[in-house]
Amino acid sequence: GGLPPGELRAGLTSRLPEDVCVRRVSLAPASFDPRRAARKRYTYQVCCHSVRPVLDRATTWYIKEPLDLDLMRRAAAHMVGRPLDFTSLANSKILAADKDPVCLVHSIDILALPPPSAAPPAPGETDAAEP
């Protein structure tokens, strides 16, 4: 019984704020326990480009220096499968609620994303980001 997964996804998404959506709905076995199966996923963005991000400034750390992504990937590989203390990244509500900031890291992906888009230069101007 109930709604088909596609209709349920659309219905749930229509009731959420514009910046939140349901990406997938699937049937689960009767033995499924969402509290035990839940995994949190965190995304951290760092922009290393001559053009600082404007639209994503609230969610992106901007630095001008280039990063060595291969070195970062090798370092991250040592964190996977280990419990790590995230106290320095926890917000005050988490710390005040006395929640454990130690989490088991299941995976880390370090990806190179394209630089933030910038408006094209006006006629007669040059793009400061170009050499």
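The lining of the second largest pocket comprises 5 nonpolar, 1 polar and 4 charged residues (nonpolar: Ala, Val, Leu, Ile, Met, Phe, Trp, Tyr, Cys and Pro; charged: Asp, Glu, Lys and Arg; polar: the others, Gly among them). Arg 23, Arg 24, Val 25, Ser 26, Phe 32, Pro 34, Ala 37, Ala 38, Arg 39 and Arg 41 form this lining, and the space in the second largest pocket is about 500 Å³. A pocket is an open set of points on a 1 Å grid over the protein atoms alone, where a 1.4 Å probe fits, with protein on both sides within 12 Å along at least five of seven lines; lining residues have an atom within 4 Å of a point. A volume is the space filled by probe spheres set on the points, which are joined across faces, edges and corners.

The model is predicted; local features need pLDDT of at least 70 and side-chain atom pairs pLDDT 80 or more, whereas totals for chains, interfaces and linings use all residues. Residues are numbered from 1 along each chain as its sequence is written, and side-chain values use heavy atoms, without hydrogens and water.

The largest pocket holds about 2200 Å³ of space. Its lining has 48 residues, with Tyr 42, Thr 43, Tyr 44, Ile 108 and Asp 109 nearest the centre; by class, 33 are nonpolar, 8 polar and 7 charged. At least two lining residues come from each of β1 (45–48), β2 (60–63), α3 (69–77) and β4 (102–104).

The chain contains 4 helices and 4 strands (DSSP runs numbered from the N terminus: H or I, at least four residues, and E, at least two), in the order α-α-β-β-α-β-α-β. Of its 131 residues, 8% are buried (under 20% relative accessible area, 1.4 Å probe, protein chains only).

Conventions:
Buried means under 20% relative accessible area, exposed over 50%, partly exposed in between (1.4 Å probe, protein chains only).
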